[in-house]
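Trainee: Please take me through the charged side chains of this model, slowly. I would like to know where they sit in the fold and what they meet.

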Amino acid sequence: MSAKADALGVYFLDVGQGDCSFVLSGDGSEGVLFDCADEAVARNFVIDHEVTRLRAVVVSHLDSDHIRGMHAFLKWFLEEAELPIDAVYIGRDRAKPTT
């Protein structure tokens with residue numbers, strides 16, 4: 001394998017107040033999404049980078065600035081783009097989420 005195929009790309013997206021990050025494979029076709037504060041930013045990233053599969057989606061915790069765009073993004077990714085997601089992990093760091 002080439003060094004490019006073995007490499008990972010790590011992207012921290014600008015979503016204002018909140019978090020949204022991707023780790024992509026060397027060719028960029030698959031990866032992992034961490035949190036999603038803005039569905040449109042995440043969707044545009046996937047389109048621009050031609051991502052065709054998410055190996056995992058990770059929600060670090062249930063605060064709004066980490067999850068407010070996740071539902072809309074997952075709905076788009078699975079139903080409209082019809083792309084696969086292998087696993088979803090949701091962390092819960094407190095008994096009650098904050099807004």
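Mentor: Helices (H or I, at least four residues) and strands (E, at least two) are DSSP runs, numbered from the N terminus. In those terms the protein has 4 helices and 5 strands, and along the sequence they follow the pattern α-β-β-β-α-β-α-α-β. The model is predicted: local features need pLDDT of at least 70 and side-chain atom pairs count only at pLDDT 80 or more, while totals for chains, interfaces and linings use all residues. Residues are numbered from 1 along each chain as its sequence is written, and side-chain values use heavy atoms, with hydrogens and water left out.

Start with the charged pairs. A salt bridge is a side-chain nitrogen of Lys or Arg within 4 Å of a carboxyl oxygen of Asp or Glu. By that rule the count comes to 5 salt bridges. One of them joins the side chains of Arg55 and Glu30, with N and O 3.1 Å apart. Arg55 belongs to strand E4 and Glu30 to strand E3, so this pair ties together parts that are 25 residues apart in sequence. For accessibility, buried means under 20% relative accessible area, exposed over 50%, and partly exposed in between (1.4 Å probe, protein chains only). Arg55 counts as partly exposed because its relative accessibility is 39%. Glu30, at 25%, is also partly exposed.

Next comes Asp86, whose side chain meets that of Arg53 in a salt bridge of 3.0 Å, N to O. This pair links distant parts of the chain: Asp86 is in the loop between H4 and E5 and Arg53 is in strand E4, 33 residues apart. Asp86 has a relative accessible area of 37%, so it is partly exposed. Arg53 is partly exposed as well, at 27% relative accessibility. Asp86 has a further partner in Arg55, and here the closest N and O atoms are 2.8 Å apart. Arg55 in strand E4 and Asp86 in the loop between H4 and E5 are 31 residues apart, and this pair too links distant parts of the chain. Through shared partners, salt bridges join Glu30, Arg53, Arg55 and Asp86 into one network.

Another residue of the loop between H4 and E5 is Glu82. Its relative accessible area is 64%, so Glu82 is exposed. Its phi is near 55°, a positive value in a residue other than glycine.

Now compare Asp35, which is found in strand E3. Asp35 is buried because its relative accessible area is 6%. Even so, Asp35 has no salt bridge, and the nearest side chain of opposite charge, Arg68, is 11 Å away. In that search Lys and Arg count as positive and Asp and Glu as negative; His and the chain ends are not counted. What the side chain of Asp35 does reach is the backbone nitrogen of Ser60, at 2.7 Å. Contact means heavy atoms within 4.5 Å. Leaving aside neighbours within four places in sequence, Asp35 is in contact with Asp19, Cys20, Ser21, Val58, Val59, Ser60, His61, His66 and Met70. Asp35 also has a positive phi, about 60°, although it is not a glycine.

Of the 99 residues of the protein, 38% count as buried. A nonpolar core is a set of buried Ala, Val, Leu, Ile, Met, Phe, Trp, Tyr and Cys residues joined through side-chain atoms within 4.5 Å. The largest one here has 21 residues, and those with the most contacts inside it are Cys20, Phe22, Leu33, Leu54 and Phe73. Strands E2 (20-24), E3 (30-36) and E4 (53-59), together with helices H2 (39-49) and H4 (70-80), each supply at least two residues of this core. H4 gives the largest share, 5 residues. Beyond four places in sequence, Cys20 touches Asp35, and its other contacts include Tyr11, Phe12, Leu33 and Ala42.

Last, strand E5 (residues 88-90) contains Tyr89. Tyr89 counts as partly exposed, at 49% relative accessibility. Not counting residues up to four places away in sequence, it touches Ala56, Val57, Val58 and Val59. The C-alpha atoms of Tyr89 and His61, 28 residues apart along the chain, are separated by 9.9 Å. For the protein as a whole, among contacts between residues at least 6 apart in sequence, 53% join residues at least 24 apart.

Definitions and conventions
A polar contact is a pair of N or O atoms within 3.5 Å; within protein, one must be able to donate a hydrogen and the other to accept it, and residues adjacent in sequence count only if both atoms are side-chain atoms.
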